[in-house]
2 protein chains.
Amino acid sequence: MAEFSRASLEELLKKRFFFAPSFSAYGGVAGLYDYGPPGCALQANILDSWRKHFVLEEDMLEVDCSIMTPHDVLKTSGHVDKFADWMVKDSQSGEIFRADHLIEGVLETRLDGDKKARSTATLPATAGKSNTKKKKGKAVPVQLDSATKAEYEEILAKIDNYTGPELGEIIKKHNIKNPETDGDLTDPIEFNLMFESSIGPTGYLKGYLRPETAQGQFLNFKKLLEFNNDKMPFASASIGRSFRNEISPRSGLLRVREFVMAEIEHFVDPLNKDHPRFDEVKDIKLRLLDRSIQSEGKTEPKELTIGKAVEEKIVDNQTLAYFLARIQLFLTKLGINPQRLRFRQHMSNEMAHYACDCWDAEIQSSYGWIECVGCADRSAYDLTVHSNRTGEKLVVRESLSEPIIYEKTVLDINKKIFGPRFRQNAKTLETYLLGLSEAELDKLKGDIKSNGGKTTVNLPNGDSYEVGSDFLTIERQTFTEHVREYTPNVIEPSFGIGRILYSLIEHVHWTREGDEQRAVLSFPPRVAPFKCLLVPLSNNASFAPLVRDISSRLRKLSIPIKVDDSSNSIGRRYSRNDELGTPFAITIDFQSTNDGTVTLRERDSTQQIREDVDVILDVLKELVEANTTWESVMEKYPTFVQQELD
Amino acid sequence: MAEFSRASLEELLKKRFFFAPSFSAYGGVAGLYDYGPPGCALQANILDSWRKHFVLEEDMLEVDCSIMTPHDVLKTSGHVDKFADWMVKDSQSGEIFRADHLIEGVLETRLDGDKKARSTATLPATAGKSNTKKKKGKAVPVQLDSATKAEYEEILAKIDNYTGPELGEIIKKHNIKNPETDGDLTDPIEFNLMFESSIGPTGYLKGYLRPETAQGQFLNFKKLLEFNNDKMPFASASIGRSFRNEISPRSGLLRVREFVMAEIEHFVDPLNKDHPRFDEVKDIKLRLLDRSIQSEGKTEPKELTIGKAVEEKIVDNQTLAYFLARIQLFLTKLGINPQRLRFRQHMSNEMAHYACDCWDAEIQSSYGWIECVGCADRSAYDLTVHSNRTGEKLVVRESLSEPIIYEKTVLDINKKIFGPRFRQNAKTLETYLLGLSEAELDKLKGDIKSNGGKTTVNLPNGDSYEVGSDFLTIERQTFTEHVREYTPNVIEPSFGIGRILYSLIEHVHWTREGDEQRAVLSFPPRVAPFKCLLVPLSNNASFAPLVRDISSRLRKLSIPIKVDDSSNSIGRRYSRNDELGTPFAITIDFQSTNDGTVTLRERDSTQQIREDVDVILDVLKELVEANTTWESVMEKYPTFVQQELD
């Protein structure tokens, strides 16, 4: 198979209009993309699979919340203060860069230059003359001393974890400039990644476009719990657009300003994070890159069953682990290559401000290992901050089947005596006494008893008062609680649909042996944008009735098709649909108009069968619904041999 | 049946979490709503039906474009200048109103007061004492003279059509004030309805949240035409959020700041707006409220077939008419009552700035007749303005099977003689001569001939020149054109999904005879949020395995269910799911655990059958997929009689 070329894939995606930069006639806007018909259908199929795999399978409560979010909500969630990246500006040109990306780019270029210099150094000829300064960000051969090289490598390994001032120091220390102009850079300043707007005509109500769908789900927690008959645990889910005003987006669909997310918020008892269906997944093997591996500077994941991972405390709890396994099942069902999928645990300093543990499903593509699904344990962070801010109780009240009975030392003050005796000091003393711990109360009781009914207490402010058993009662009391109240923890699997979509395209892309021009996208039928190509042999009018009839029957079966009755050769039309990833093709030829048979072609093997159209439609339906495979079909029906003509 | 009460429906929708104001814990934001699980599923089912009815059925090219749109695009489309409403401000309190809505509210209140005054005037007792001034916007009985009454009614009839200054005059003339405070109002000023933001960190790239999905489709026209093998006509389609920063939203889901739209842009040859499938719909009857009916001040639509409507030129062309019929089929399939649906033609002064003809599908609800689908002929407006602005050619080039051959009188100037002879006047004279029509050229030729080879021409600026056959040739020439180039027209059916969703809920809402507390939402199975309720008779543990087994089988059939194993009575659980509009219920009782039979209950009739679970699942699948009806099921299986216990 030919080596992967991102340039030819990009050319294909453009030509077949999977997606394209938005507003290109107006010069385009970085980080904004439009999905054409195949991209849009692919996205819809991924979302449909997601809904079936997660929402339907686990009775999740799907909601659809507002994108425009008032300032207060995102101030409380922490996004107004902390959802920011560091940027630097070229002091002369005003050009703006995201600080970490700029450093990364420059240091990688220098390391490339070093590599080149070392390899050309061993070559006699042109070594000397190309040893010039780097220019326009292109790697030029300049050898680095080994200490500098090691330092660069260390910076790159830690690039996600620096604070703004640290990035500023790196820029100064390593003399990093605008790679295009060599212009000096300002100190890094924070840039909040939320798009800001104003709601209504007054201009006083500030709003942001949501950076995640999660907040809407948290704010509806109380209604959702009620909808779920107050049963725990349960999950809500949401599919929708979110927005990040990236400083300088790059990497195609992998870093965009507007994107579709699918997020699950699984609400769970913090004291019991077991999952009722964990047994169903426990034997699934995952490739885990945990903290310990990373802190040793290694990148090779451990492969082990998720059951074992929980046992060994590599993954904290069953619920988190259950979702990691379900995420893997989902991604591989879409067509993601399991060998190019790994789960990486966040280092403690790289987690989002709300997370207490987090694993990323990372998918490998030509851009490297990219986070496509995050699976974070957000603990009780969000429900707590919103509850504190608004006063709305976001808790679960659990009726205890066995009431909790416990004893406690309790202080009782006889106010009738206490008040008049201490007058203006009564409040201070009362506060002090009520703040005593059980142990302190036990000691006070002992002191009073041993001193014959009274003793002196010394307050932290220096005051002393005499207290006694005439107005203080200190006793062990028995309490019975029938209801337990708690704030649930949240396990959040969060899917970046565009990133998954792009990675998937890279994984299913290949070219036919011996002909690099003939590219194929081997989407599984369930996600393929179009399931079947319908091609008449030529644009001869006699084929039209059969094309109409078969397409109408396919529509009734809800099978999305593409009719190609253009004047191109059959071979050319097959190729074009291989590029769209259409798994099957029905071909209508002159024999069809006589005997009602048609051929069915499979994309990857290019094998065909020829049967009566009724049989072919039945077979196609089974194939599209993944009830059978092409291998089984080939066992049952004879291969139809016909040369593919170009 | 009990009279419709919006208050009880709203209570139901809140209780069952169909939708709720967003951010209510933070005080809420007018015009923003979150959909809970039933609302979200209902919306998804409406969109799924839409996709099948339109996109799949007609091979439309679905795209998914960016919401964030740069200023230049919406400046060109006209939205920056014209997409605005008029607002007035209370000069003291600063409160802001949408001018037309305010006038409407105040005048309606005054007319109500007049009605009250007239009816109480005939009553002897309390008439006098309630004849006070209106207060806080509530109708108080003040009789109006008949001229004023007539004037108010005329203003209300035309309220959508006034300009800002006209609204200002009405406010002054009729002494309209802030109904809450009696405060004076400012003159109306324009408020643009687009949410504004800034793209990227520079602050220089202004963007807006799109007010419609259409622009993204227009900007991709060239790529879409190519994707469609350059074939015309074709349609693109898009489902997605759009945003309007309403001045003061009201009317629940009917006027919101953020909403899901589904839009079709059907690109068609301006010289041939026939539709190839028009025959399939021509006999469908529609209720049409055309311009002529409205201009007579009437509101009763004509009911006639769409074929007849095109014949009689009530609807301009087949394509527009085809979509009106298809819209009606779609809406009634969802469950919209056809008697509460009409198509109203826009008056020429109320059309959007881009439209040349427009029909609204209006659905009647307790809010009146509300536009839920617009079907506009946008002509070549959008493609032309974008093409002019960007220089990108947005045209169709049609190869003519028969070339067009025509003759034309053509002028040829011999520049070698012409230039030197007229020097600085050559340009002026040339422009004048090249601007002559064929008839003028013929006359000039005649003049030259009859004057012996020369004549004098008089230019509009007063100059005269002598011209002659020595440097001018005027001849009939034959032209042959093989390609026709044209800018397509666009027919745009545009669906407000939230408005359809809310209207549908009103149409399917009723209460059981004799018990107004027992409300039912009779959604057709295809759109019902949950298709089947699964209820064990009680929460006895012996039912659990069967519940698990049946729910897992229903999931495999992709039938969304709701399990209710709460401790409420069966009757109460049925009622709760009647309110969710769940069409069927499977009940598991003690007999089920013995003989494997379960009952299937139909929501509207409350009738039940009892059969083996395999039979019930088959029947359910057929019912959900609308392959059979409950009536047919009842003919085939005996009714199972069991009292519904509360």
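How many salt bridges does the structure hold over all chains? The total is 103 salt bridges, a salt bridge being a side-chain nitrogen of Lys or Arg within 4 Å of a carboxyl oxygen of Asp or Glu. The model is predicted, so local features need pLDDT of at least 70 and side-chain atom pairs count only at pLDDT 80 or more, while totals for chains, interfaces and linings use all residues. Residues are numbered from 1 along each chain as its sequence is written, chains are lettered from A and ligands numbered from 1 in the order in which they are written, and side-chain values use heavy atoms, with hydrogens and water left out.

One of these salt bridges pairs K149(A) with E153(A), whose closest N and O atoms are 3.8 Å apart. Both residues belong to helix α6 of chain A, which covers residues 146–157, and they are separated by 4 residues, about one turn of the helix. Helices (H or I, at least four residues) and strands (E, at least two) are DSSP runs, numbered from the N terminus. K149(A) has a relative accessibility of 26% and therefore counts as partly exposed; E153(A), at 41%, also counts as partly exposed. For these classes, buried means under 20% relative accessible area, exposed over 50%, and partly exposed in between (1.4 Å probe, protein chains only).

Also in chain A, K298(A) forms a salt bridge with E296(A), with 3.2 Å between the closest N and O atoms. K298(A) is partly exposed, its relative accessible area being 48%, whereas E296(A) counts as exposed at 53%.

Chain B supplies a further pair: D283(B) and K282(B) form a salt bridge in which the closest N and O atoms lie 3.8 Å apart.

The cysteines give another picture. A search of the whole structure finds 0 disulfides over all chains, a disulfide being a pair of cysteine sulfur atoms within 2.5 Å. C40(A) is in no disulfide, and the nearest cysteine sulfur, that of C65(B), is 8.3 Å away. At 4% relative accessibility, C40(A) counts as buried. C372(A) counts as buried, with a relative accessibility of 2%.
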